[in-house]
Every structure is written in structure tokens, then in C-alpha cells.
Amino acid sequence: WSVIFGVQTAFLHLISERTQQIPAAFLSISYSKKVLLNALLTGSLAEIIQDAKMLKQEGYRAFKLKVGGRTLKEDVQRVQAVRDVIGDSLLRLDANRAWSLKEAVEFSSDIENCQIEYIEEPVFENIASFYSETGIAVALDESLTENPDLDSIPGLAALVIKPSLWGGFTKIKEMISYSVPLVISSAFETGIGIAALVFLAAALNTPQRPMGLDTYRWLKEDVL
């Protein structure tokens, strides 16, 4: 899929040059002029607090925190600390299927006052049961490769799409047919790949939904 994405990106830029339009305009005549991002928070507790403070000052109003790789108590502490720092900004969590249903429900109970937009992949299965027991909205990422019946999943708030790893640009057309909002997400691509994803996100014309394209600031060097 990464090769397909690369080839599609090359053709997109070629057509853009030939037509004298930015790629977003070629993808959609009603593209958005602004793409909001969610800030990716990872690292130690001290690091995420420091980053959250800095990024909020820079203007970020949505944050994504990785959870599930530590004890439940530590994850709860991290979520509460980030919420204290970011105020009323959006907070998204990504568990990468790390919890059992029991663990996910326990965690959710401990953060019930933290105002979570959604938890991405909280459990490996039983997502419907998770939502039924917690009332916290969910987002799908890894599960999408398994072609789930999206219409049967309650509490589904977003589909997190990584075009460079799964389906390229063409897969997005298929996913747009669902009523669930799409969050275009990066997988630590270089500036070329990130630019293509930004154009794609702009073409979706959802200016109020932050996208998962914050990984570029993690690169020390770039091919550009």
C-alpha cells in the first residue's frame, strides 16, 4: 500500500502542475483552506505535560494521547494531567487494542470526568460492549483492515485512516460513503507524504475536525 500511495502522490502532483491547481483543488472543488491538527502526545508524564503546555500555547486545540502501554493507574494519571493542562480542548485517546474489556471499562470509569472525544481501538473485540458499558465514543483504526460492519458498531465517532498504509487515495472514496467522519492520519511520512495527506484532508472539507497529521515535527531531518 505504501508504494501505491507513493505512485498516486506522484501522479497527483503531476496533474496539479499540468492543470496549475493545487492538489486539493484537483481532488475537490470545495476543498477547505485550513486543516486543523490534533497534537500527538507521547513519552513520559513530564514530557507529555511539557509538550501539552507548549503546543496549547502554539494554538493547538485538539490533542491525542497514547494510552494502554502502562498500568491503568498510570494511564489515568496521564489523562487527568493532560486534561488539566489543555483545558476545554478536544482530547482523543489511542489504546491500540491494549486492554481487555474489563480493563477498558475500569479505565473509563476512572476518567469519566475528563471529557474524552473518543477512544481509538480500546479493545481487540467487543467494541459494542465497551460502548454499552461506558458510553464513551470509539474510533477505529487497525480494525478497518478487517472490513468490519461499520453500520453495526454503536458509538462510532470516527474512522482513523492512514492512506499510506492502507488503500491510498482510492480507499478514501469507499470510506466517504459511510456517515462516520474520517480523520486522515499520518504514519511518520516525510514532508512529501505529509503534504499529500494535508491536501487529501483539505479535500474532505471538514475544517472543524482536527486531523492526525502532527507527526512531521518529530522528524529531525527531511528529504525536503
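Two strands are said to pair if DSSP finds at least two bridges between them, while strands (E, at least two residues) and helices (H or I, at least four residues) are DSSP runs numbered from the N terminus. The model is a predicted one, in which local features need pLDDT of at least 70 and side-chain atom pairs count only at pLDDT 80 or more, whereas totals for chains, interfaces and linings use all residues. Residues are numbered from 1 along each chain as its sequence is written, and side-chain values use heavy atoms, with hydrogens and water left out.

Strand β2 (residues 62-66) runs parallel to β3, to which 5 bridges join it, and alanine 62 has leucine 90 as its bridge partner in β3. Together with helix α4 (residues 72-86), β2 and β3 make a right-handed β-α-β unit; right-handed here says that, with the strands pointing away from the viewer, the path from the first strand over the helix to the second runs clockwise.

Strand β3 (residues 90-94) also pairs with strand β4 (residues 118-120), in the parallel sense and over 3 bridges, and aspartate 94 has glutamate 120 as its bridge partner in β4. Between β3 and β4 the chain passes through helix α5 (residues 101-110), in a β-α-β crossover that is right-handed. In β3, 4 of the 5 residues are buried, that is, under 20% relative accessible area with a 1.4 Å probe and protein chains only.

How values were computed: Buried means under 20% relative accessible area, exposed over 50%, partly exposed in between (1.4 Å probe, protein chains only).
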